[in-house]
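Trainee: Could you walk me through reading a sheet and the helices around it?

Mentor: Happy to; let's bring up the model.

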Amino acid sequence: MSVKAISERTGKELLYKYICTTAVVRNRFSCVTVTTDTNWDCITVDHPWLLTERLVVKPDQLIKRRGKLGLVAVDLKLESVQEWLKSHLMTEITVGNAKGVLKKFLIEPFVPHIQEEEFYVCIYASREGSHVLFHHEGGVEIGDVDNKAQRLTLGIDEKLMEEIVTQQLLVHVPDDKKEVLASFIVGLFNLYEDLYFTYLEINPLVVTKDGVYVLDMAAKIDSAAEYICKPKWGDVEFPPPFGREAYPEEAYIADLDSKSGASLKLTVLNPSGRIWTMVAGGGASVVYSDTICDLGGVDELANYGEYSGSPSEQQMYDYAKTILLLMTREKHSDGKVLIIGGSIANFTNVAATFKGIVRAIKDYQEPLKEHEVTIFVRRGGPNYQEGLRVMGEVGKTTGIPIHVFGTETHMTAIVGMALGHRPIPNQPPVAAHTASFLLNSSASAATPPITRNTSLSEHNTCSVTDAITPTTGAPPAKPTTLFSRQTKVIVCGIQTQAVQGMLDFDYVCSRDEPSVVAMVYPYTGDHKQKFYWGHKEILLSVYKNMADAMKKHPDVDVLINFASLRSAFDSTMETLQYPQIRTIAIIAEGIPEALTRKLIKTADEKGVTIIGPATVGGIKPGCFKIGNTGGMLDNILASKLYRPGSVAYVSSSGGMSNELNNIISHTTDGVYEGVAIGGDRFPGSTFMDHVLRYQDTPGIKMIVVLGEIGGTEEYNICQGITDGLITKPIVCWCIGTCATLLSSEVQFGHAGACATQVLETAVAKNQALREAGAFVPNSFDELGDVIKFVYDDLVTNGIIVPEQEVPPPTVPMDYSWARELGLIRKPASFMTSICDERGQEVIYAGMPITEVFKEEMGVGGVLGLLWFQRRLPRYACQFIEMCLMVTADHGPAVSGAHNTIVCARAGKDLVSSLTSGLLTIGDRFGGALDAAAKQFSKAFDSGLLPMEFVNKMKKDGVLIMGIGHRVKSINNPDMRVQILKDFVKQHFPSTQLLDYALEVEKITTSKKPNLILNIDGFIGVAFVDLLRTCGGFTRDEADEFVDIGTLNGIFVLGRSIGFIGHYLDQKRLKQGLYRHPWDDISYVLPEHMST
């Protein structure tokens, strides 16, 4: 989720509909969108003003400075507008670096006015609050508005008043227009806040004696606020930047993303390109794009995209097949490459995501081979070895060239391989298995990765220690130390995997006691949850409300908030009311910016440090880690995170923070502390907040900052270096350098990763950092080399003295994870062969539920799948449904219905009442289907004649099941039986057993007219005919279904419909407790008891 631009028409419609002002806003809703599909006859009927007004026409495609580009035509009649559109509609133009086609235009009434009636107004958000810019001269020639305009800054929650607007903004406005403008600007600001705009510019805003006219407007809204603003926004369309087409595949992935707790993003840059990416992680995806462009692949880069947040196998299949479909539409003379990359995951199960990708590769193997696609894979994280194994295996089985690499290979090395800049190793080194919970003793594991280019930044030839001087400047307002070995934390939300990971980290760091003392979960009562502390089981308290948790654990000073994006704000604000809390980590992604800024304001007032939102957290080796930071225990050990090093880092990206752990552990003595501040535009704490903490921490000898495109926070680091606030050596790199090379604006994976001005580009920030004195590599590939250079110099000069390694204690592996890795096996407690709910959609006997509905299988078809594991013929499905219909009810007098009614009237719930009725089903009531089927089948299969069968049953003293009825007789036939008989005779291939039963009926009814073949008996024998003759079952299978009680299930299922009906009927009729009347009971007591 991120700030997104909306069309001018959408912005104006929101303004016209919801602005509240005493100013008269003219031309409300007088705007028409025109495309190649426009029917002029229809729109002139719907908008008759088009025929009478002078008009303005202009493109509505997020194009800046349209007037200067000659793209606005004014004061035209409709005929002239149509002529103008003929020469502009579907015309290709170039705006800056972007080349695009003019497809959508806006027509509005022309407003005659003079220059003195034009004004400029703009409202935009910053971390500290909102800024209102106003200039008394609007229009095309306004120039540098930032320097010319009057400016008013309002803090968070501060209201804008007309008096302040008049005094500070309207100083150069004629007196006769001040009142109107002040009211309009206040109304505009309130609209901006209420509808979660992040940017709103009107130029020009025209004020005449008739009222206010909004001529040109540009606006952006916070798409994360959709769950709040949907009723007012409606279905907002977010157009792509000019020069980039909107593809249906992008919309499909956006829809998948909106329905998933994971993150799935796709932007098509060049559908004809030969370099395609499928990258895990918002930060890593930018790094891969940077490296591709750095190696000269910008013109062939086909897409930008990322997946993160542990998507399911099915979600990854849908995501991967979309990319494979796009890349196999057009052939390329040089073939194509697919880069499946990523950093070291914190919690995503790599094997699960790769299995989804593998399924897609198998499905598209022929097109992939036809288009000569070569695939390069690099990944690390939980269960990544299994993921790499299945990926390599599919390459062998399909014949598609797939080159697979793990954490032993530098993250972006596969880009150089894919583009021919570095050789492809025949046998890459094998890293330790995820199951290895002991330190890797191999010496090669500590060898820094070889990079593409060994050159360093020019100024790095000097000594690092020359820059080290005593710290100056004011100390930070918040505590320098956030975490220690005594840190105690409450976790908001039930996150058992994250909590167990924290406890395992505590244990391997040899802490005396667990860091997690309790959890808060408002949807259950207070209870205990079981976890492991090393080999021992422990119980942690779970509280329903925050107040109880805080009261019972006064030593807690950290809260980790795993609440969803919809509730994270409220729960964090509640937490901020407790003075004992000094640090809060907010994990959720997608909290609206306006709410985040309120959190920041409150936290600053209370001296609380916020890490996040949209973060994995942070880690302090040997002391404490937040949630899933650092990944699984094997990565904790491999990256030496169980003990402190000398290097501290801060990063926007959570995924890239784990890659930094890996890089720093291979090039230095390890990490002292690392924090991922989150990828939002306004994170709770900033780079500078943490850099200043690191500056004041004696154990930290050098600092690493991984910034990114968007925002200007990195310039504070430049100023800090210049002012002498930062004196420790600092290595910085901002990812997103590819953005300046792309022809159109791209919103990268993080919400804040988009540059709106040159200062916000990664290139500009890297250059500024380099000039300020930071150590800045030439590319991300060189980051490890620069870190190693700085570290080695510190070691050489005695600033850092590496310590002897002490092996950490071993931690047993959880059973569930060991099973996931395939290290153990255990017989399953249950087996099932009819349904699988684990994927994207439920599967009935191998058939996805979408297919069930697509083929209109009905209830009978579903019953066939779940009961018989067969797709039954259509007539069989119809027969099943007819059986359910005819057995649904037989009045309130039968025992089952009677019991249900009595229970319902006793105040019991539906399930209890239904169960009471079902328990009466047996041989005497409704349970004769199986018995009838067995008796008639045995007699028929034994060759007994109908008369012989009747005589034998009489001789044995056994009732013939399915024969006889209390009410119906040969003279008063049961119409239910007649309906089924007509259908069976018409549709069944053979009715041998039914015919046999009807012969028996002739014999029994000759003795007594009510000894008819009843509904139970009919369904029983007819079902045997169905199973034996429909072609879907062997004789043994058919007999087995009868033996295991399948046919009685028909009656149970059907009659449940009636029982539920009786229950609802009694409740609806408000019937009271039932008491049986005395006169309907015969009291027969023993004689001696009656005297």
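Trainee: Which residue in β18 is the bridge partner of I340?

Mentor: The partner of I340 is V377. Before we go on, this is a predicted model, where local features need pLDDT of at least 70, side-chain atom pairs count only at pLDDT 80 or more, and totals for chains, interfaces and linings use all residues. Residues are numbered from 1 along each chain as its sequence is written, and side-chain values use heavy atoms, with hydrogens and water left out.

Trainee: How many bridges join β17 to β18?

Mentor: Strands of a sheet pair through backbone hydrogen bonds, either parallel or antiparallel. Here five bridges link β17 (residues 336-340) with β18 (residues 373-378), and the two run parallel. Two strands count as paired if DSSP finds at least two bridges between them; strands (E, at least two residues) and helices (H or I, at least four) are DSSP runs numbered from the N terminus.

Trainee: In what order do the strands of the open sheet come?

Mentor: The order is β15-β17-β18-β19, with parallel pairing. At the edges, β15 (275-277) and β19 (402-405) each pair on one side only.

Trainee: At what angle do α9 and α11 pack?

Mentor: Two packed helices are described by the angle between their axes and the distance between the axes. For α9 (residues 248-258) and α11 the angle is about 175 degrees, and the axes are 11 Å apart. Therefore α9 is roughly antiparallel to α11 (over 145 degrees; axes are lines fitted to C-alpha atoms, for helices over the stretch in contact, with angles from 0 to 180 degrees between N-to-C directions).

Note on methods: Parallel < 35°, antiparallel > 145°, perpendicular 65-115°, else oblique.
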